[in-house]
Amino acid sequence: ASGEGREGRGPARSPEFQASALGYRSCAHKGRAPRVWRPDSMAEAEAAAQLGRQLRQAVTANATASGQTSIKAARELVSLLSRETPTTPRVHALAQILEDEEQRYEDLCGDNSSSHRAGYPIGRILSLVQDEDDLLEKLGHNHLLDRSKGPALHAACLRLMRAILSVTGFQYPLTEDAVVDKLRLWALGPDAEGDEEAAVGTVLAAAHDARAAADAAHSAAKNAEGTPTHPLAVAAAVRAEAEALRVKTYATACLAVALEAEDVASAMVRRGVMGALMRPLREQLCDGKAVEGADVAEELASISGSASGGDRSAADKANEADLAAATAAGEMLDSDEDKATALVAQLCARGATDGARLAERLTEARLRGVAALGEFIECFGAALAAGATEVGLALIHGPPAGCDGTDWPGGWPQEAAQQRLATTSTAPDGSKTYSRRVGLPGNPQLPESLAALCSLLAHRKFCVTFVDRGGVKTLLALPKGQLTHNGFNRCLFGVSQVSQAMERLLAPPASSAGVWAARCVAAALEALDGGHDHARRHASLFLSLSFPFPAVLDAFDAQGGLRSLLNLLRHAAQLAAGATATAKQTASHACHALRQYIRAHLHRRINLCVSAGFGSGASGGRRASAGDHRTPGPGHRAVDLGQAATDRNLRLATHDPRVAASLLKSPWLVMDAFVAQDGHLVMLALLNVAPGDRHFHDCVPASLSVLRAATLHPGARAATASAVLSDPSHVPAMQVLMDIAARAAGAQDSEAVIDSLHVVCNLVAPPPNMGAVAAAATAFDRSVHSSTQEASAKKRRPERSDAERFAAGVEARLRQARAALRESGGIRAILSMLLRGAKHLPAPNADAARALCCRVLLSLARDPAIAQTLQTLQVARRLTEIMRDTHRTSSAAAAAAAGGGGRGV
């Protein structure tokens, strides 16, 4: 029988092996001295190392001469652009400085979602720009809507806005509808909702200016064939085409940022934006069509490298002379101010040098737009029709084998996770030349690819198809690095959001399901142990949604995942107010993941007791007493861990005599591991720091839910009752619980009040029907020993005596908790909740809270010393008054209901 239960799930594991897999060595807690929680030295070392790294990075960035020069050059350009009429070279120069410093920041700090730029040059330059409100309004609003400024200045202003907005996110001028409309028309052209009819005298006409200028330049070059001015006309046509491409590229980038605002995205999803963004991606990634803008980059490189001295215009020659003079001057200067002035002159003389990267920036902008819109259900049909599935799989698989004529085996190279895959190289003279490396057409980068993929995974159909076509296998094989921490774990979280996709991933055979579950869990644990808050957050969310699947739960236990989860929460509790908002939010998600983990094991434990027929035979008794934490059943089917299902399990654990006896008599390895790793202390510490902190507030219900389930186990109950937090508070566990209950009652948080009182009841009160529980425990002992010859003498002992002895043992173990409650002022706190605090709660919850308070007082009265104190406080009289008031209220409510019913008839 036991072999059938383990079929397809590997050989039976001994309790010792299971304990080792859960991440602890010993589960013996009897007779242990009260545990005082102190900060983990490893945690302190990790926190100190992380702070040291951040400090060194900030100091290094601020002390860098190039960074100081860039800041001073940016300040000079901002001043010039604010005081004087903006020129195209100056706007391009400021945009170039922002792009270069942002790239330096990303190379140093990794994923740009970890936004701590204030101590770096990029943060200081952004502050300079944003402090000049008139500058943003002039370049980001007025000049963009002014047709007289021409395509070149429009392109420069759009490039500057892209450099700012791609870092800061949605802000002015994207709040202006006219700007967003023009960005859409520049980026995507007119849609089917009547843009063409409104072309005359509107922004649509202005949006066509760049394209019209490029077409006119091409016509002039064609007409100049055979004339001496033909080379100049061709160069002018190429430059006009480049300006048109710049306008489209940077308008698309700014539009992608605007789409991150929900109100803008909601207005755009019905205008075909998703299809317009997805189709070019499919054509270049899947259909083999030419990348839009790649020919322009090549033509720009050809005209800059092949033109002879006689073919260049006077303006070109003057610019080159200015560039050479500025470069020579900059090499001889010593002060930062002089170097900054020389840098400004050099950048202005050089002009726009982004031509080689326009095609890849257009691809990047489209991917960012897909990431912003992908989660909207209204546009998912358009995304599928435009090839979203093919694009998503192409992005996750990376460059194909043998791309660019190399012997590349296929897939994303390792450096794609560490740095941007460059398609440009810098020549000795400072100019950028075009050079290709291993990559997809258009050179999409791995971070943007993962962001677009993650948004599409929110849809069930796409997610299931992604899993069926091996997408998760490829995802897990992606290179890991500073640019992919967040995107990779977001994708894992996206898969876990669709239960059908998880079922497909974990489907039989069990050996295959175990492999994928183990690899996914290993990736999540690597993120939890890492230093990237956003990756930790999404890894915690992935675990929260995956714990209902038994295969994932087994893999998590096999890899000792509980230790990583508790370490994260322990660090957050130690830092408390010193933790960042992101770290606190991550801790909140991790706390919810721990709650799901405990709920899953509680469900498994209850099912084991029920399905084993506890007390009905020797086989069931042996399985329960062995502490087997695995239950028969398919590992790919999720179990119900919702609130209603958990409430049923908790009620069975306290009100079903057989289940309650099993919890009191049988080992529970998971709870032993939880206590051995101070999980109860971590939960109490979070409860202690949560009041007054809006980020830790969500940890309260999760921590109480964990403690409520954990204190069903005798070992966890004893450890929690005697727990005392460390410096500086030295608060005992009982005081923490009663403080939370009092605060929650004042805030009318019924769930927190009831859960905290349930925890106190578990600590000081025996099961409600202790006689039946004791009898079931005695029957359990007989069933375990019935197959041995020594059992005959034991069976002849009076059953009643065994039950009384068991009940006396349970009662003796509860005395320490009752004494701890009394010493921490718990009696007055319980009376206050009973007489005043519960009145603030809604009627059903108020009655439940009063009932739990009465149960606590009843259990305290079993101790003679405490009973005398209760008599002194006249608790019996107060309880009688409460019963009388409750009876009157109930009678009045019943009469009112009866009267209302009669009138209704």
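The legends below describe close-up views of a predicted model of one protein chain.

**Figure 1. Overview of the predicted chain.** The protein chain contains 46 helices and 2 strands. Of its 905 residues, 51% are buried. Among the contacts with a separation of 6 or more, 79% are between residues 24 or more positions apart. The accessible surface is about 38900 Å², and carbon and sulfur atoms account for 53% of that surface.

**Figure 2. The largest nonpolar core and the surroundings of Leu 373.** The largest nonpolar core holds 239 residues, and the members that touch the most others are Leu 373, Leu 594, Phe 674 and Met 683. Helix H12 (residues 230–258) supplies the largest share of this core, 15 residues. Apart from this core lies another one of 12 residues, including Leu 664, Ala 777, Ala 803 and Leu 814. When residues up to four places away in sequence are left out, Leu 373 touches Leu 259, Ala 265, Val 269, Val 273, Met 274, Leu 277 and Cys 379.

**Figure 3. Met 278 in helix H14.** Met 278 is part of helix H14, which spans residues 273–285. With 0% relative accessibility, Met 278 counts as buried. Beyond its neighbours up to four places away in sequence, Met 278 touches Val 370, Ala 383, Ala 386, Gly 387, Ala 388, Val 391 and Leu 456. Met 278 and Leu 384 are separated by 106 residues in sequence, while their C-alpha atoms are 9.1 Å apart in space.

**Figure 4. Packing of helix H29 against helix H30.** Two packed helices are described by the angle between their axes and the distance between the axes. For helix H29 (residues 561–575) and helix H30 (residues 581–611), the axes come within 10 Å and cross at roughly 140°. The crossing of H29 with H30 is left-handed. On the H29 side, the contact is made by Leu 562, Leu 565, Leu 566, Leu 568, Leu 569 and Ala 572. On the H30 side, Thr 586, Ala 587, Ala 590, Cys 591, Ala 593, Leu 594 and Tyr 597 take part. The residues of this contact comprise 12 nonpolar, 1 polar and no charged. Leu 594, part of the H30 side, is also one of the residues that touch the most other members of the largest nonpolar core.

Figure 5. The buried residues in H34 are Leu 669, Val 670, Met 671, Asp 672, Ala 673, Phe 674 and Val 675. Phe 674 is also one of the residues that touch the most other members of the largest nonpolar core. Just after H34, Asp 678 takes a positive phi of about 60°, and this residue is not a glycine. Asp 678 has a relative accessible area of 11%, under the 20% limit, and is therefore buried.

**Figure 6. Gln 874 in the loop between helices H45 and H46.** Gln 874 is found in the loop that joins helix H45 (864–872) to helix H46 (875–904). Its phi is positive, about 55°, although the residue is not a glycine. The relative accessible area of Gln 874 is 41%, which makes this residue partly exposed.

**Figure 7. Two cis peptide bonds.** Tyr 172 and Pro 173 are joined by a cis peptide bond with omega about 15°. Pro 173 belongs to the loop between helix H8 (150–168) and helix H9 (177–188). A cis bond is also present from Pro 508 to Pro 509, where omega is near 5°. Pro 509 is placed in the loop between helix H25 (499–505) and helix H26 (510–529).

**Figure 8. Ser 859 in helix H44.** Ser 859 is in helix H44, residues 843–860. The relative accessibility of Ser 859 is 2%, so this serine counts as buried.

Technical notes:
Residues numbered from 1 in each chain as written. Predicted model: local features only at pLDDT ≥ 70, side-chain atom pairs only at ≥ 80, totals over all residues. Heavy atoms only, no water. Helix = DSSP H or I, 4+ residues; strand = E, 2+ residues; numbered from the N terminus. Buried < 20%, exposed > 50% of the residue type's maximum accessible area, 1.4 Å probe, protein only. Contact = heavy atoms within 4.5 Å. Areas by Shrake-Rupley, 256 points an atom, 1.4 Å probe, with all protein chains shown as cover. Core = buried A, V, L, I, M, F, W, Y, C linked by side-chain atoms within 4.5 Å. Axes fitted to C-alpha atoms, helices over the stretch in contact; angles between N-to-C directions. Left-handed = near helix turned anticlockwise from the far one by under 90°. Nonpolar A, V, L, I, M, F, W, Y, C, P; charged D, E, K, R; others polar.
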